[in-house]
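Hi,

Here is the structure I promised to pass on.

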Amino acid sequence: MKDKQVCLRALEPSDADLLYVWENDTETFATGLAAQWPLSLSDIRLFIEESTADIWQTRQKRFMIDNSDGVTIGCIDIFDFDPLNGNCSFGLLIDRAHRRCGYGMCALLKLEKYVCDILSVKNIKITIAADNHASLCLFEKLGYEHVGTLRRWLHRISGRVDMLVYQKTFVV
């Protein structure tokens, strides 16, 4: 899935080192949406090997995000895919050096089109830490609606933070 600004592509074995860095970044841990323990390089390589499995079986899929220069700048996930009810969740990570450049928005729009047109998804759910202001602005700009709050859901050194649930519904 490619356009002028981003390309969403399948994982390659060569992505292991970059995913290892992102998955073990303590800032990513702080969002509350990543594993709360370090992942080994062999864990990442196994995940990449298994990523070729069919989304209809695994109910999840990760795509790498490349910019127009061919630089890998992030990844975007489909998970909790429920084909019977036409629902799924998304996860998005953009490398710190490439944030606030419009890549996240482009990748999300591209993945929305894919899940709607190809997977017949009608509802997308996003969970965002209440203190992740950049993500909140991005998803609200794209028409996601706040539909719920999980109070004091995430632990921070400074205290507890709410987890916000957002949803976007596509009319048939």
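Let me start with a question: is Y114 buried, partly exposed or exposed? Y114 counts as partly exposed, at 23% relative accessibility. For those words, buried is under 20% relative accessible area, exposed is over 50%, and partly exposed is in between (1.4 Å probe, protein chains only).

Before the rest, some housekeeping. This is a predicted model, where local features need pLDDT of at least 70 and side-chain atom pairs count only at pLDDT 80 or more, while totals for chains, interfaces and linings use all residues. Residues are numbered from 1 along each chain as its sequence is written, and side-chain values use heavy atoms, with hydrogens and water left out. Helices (H or I, at least four residues) and strands (E, at least two) are DSSP runs, numbered from the N terminus.

Aromatic pairs

The structure holds three aromatic pairs. Rings of Phe, Tyr and Trp (its six-membered ring) pair if their centres lie within 6.5 Å; planes under 30 degrees apart are stacked, over 60 edge-to-face, and the rest tilted. One of the pairs is W56 with F81: the ring centres are 5.1 Å apart and the planes sit at 70°, so this is edge-to-face. W56 is in helix α4 (residues 55-58) and F81 in strand β3 (residues 72-82), so the pair links distant parts of the chain, 25 residues apart. W56 is partly exposed at 41% relative accessible area, whereas F81 is buried at 3%.

F63 belongs to strand β2 (residues 61-67) and Y114 to helix α5 (residues 103-117), 51 residues apart. F63 is buried, at 9% relative accessibility.

C137 is in no disulfide either, and the nearest cysteine sulfur, that of C101, is 16 Å away. C101 is partly exposed with a relative accessible area of 42%, and C137 is exposed with 52%.

Helix packing

α5 packs with helix α6 (residues 133-141) at an angle of about 45°, with the axes 11 Å apart. Axes are lines fitted to C-alpha atoms, for helices over the stretch in contact, and angles run from 0 to 180 degrees between N-to-C directions. That makes α5 oblique to α6; under 35 degrees is roughly parallel, over 145 roughly antiparallel, 65 to 115 roughly perpendicular, and the rest oblique. On the α5 side G104, M105 and L108 meet L138, F139 and K141 in α6, where contact means heavy atoms within 4.5 Å.

Helix α1 (residues 16-23) and helix α3 (residues 41-50) have axes that come within 9 Å and cross at roughly 120°. α1 is therefore oblique to α3. A16, D17, L19, Y20 and E23 in α1 meet L41, I44, R45 and I48 in α3.

D80, in strand β3, is not a glycine but has a positive phi of about 55°. D80 is partly exposed, at 48% relative accessible area. R100 has phi near 65°, again a positive value in a residue other than glycine. R100 lies in the loop between β4 (87-94) and α5 and counts as exposed, at 77% relative accessibility.

Cheers

How values were computed: Disulfide = S-S within 2.5 Å.
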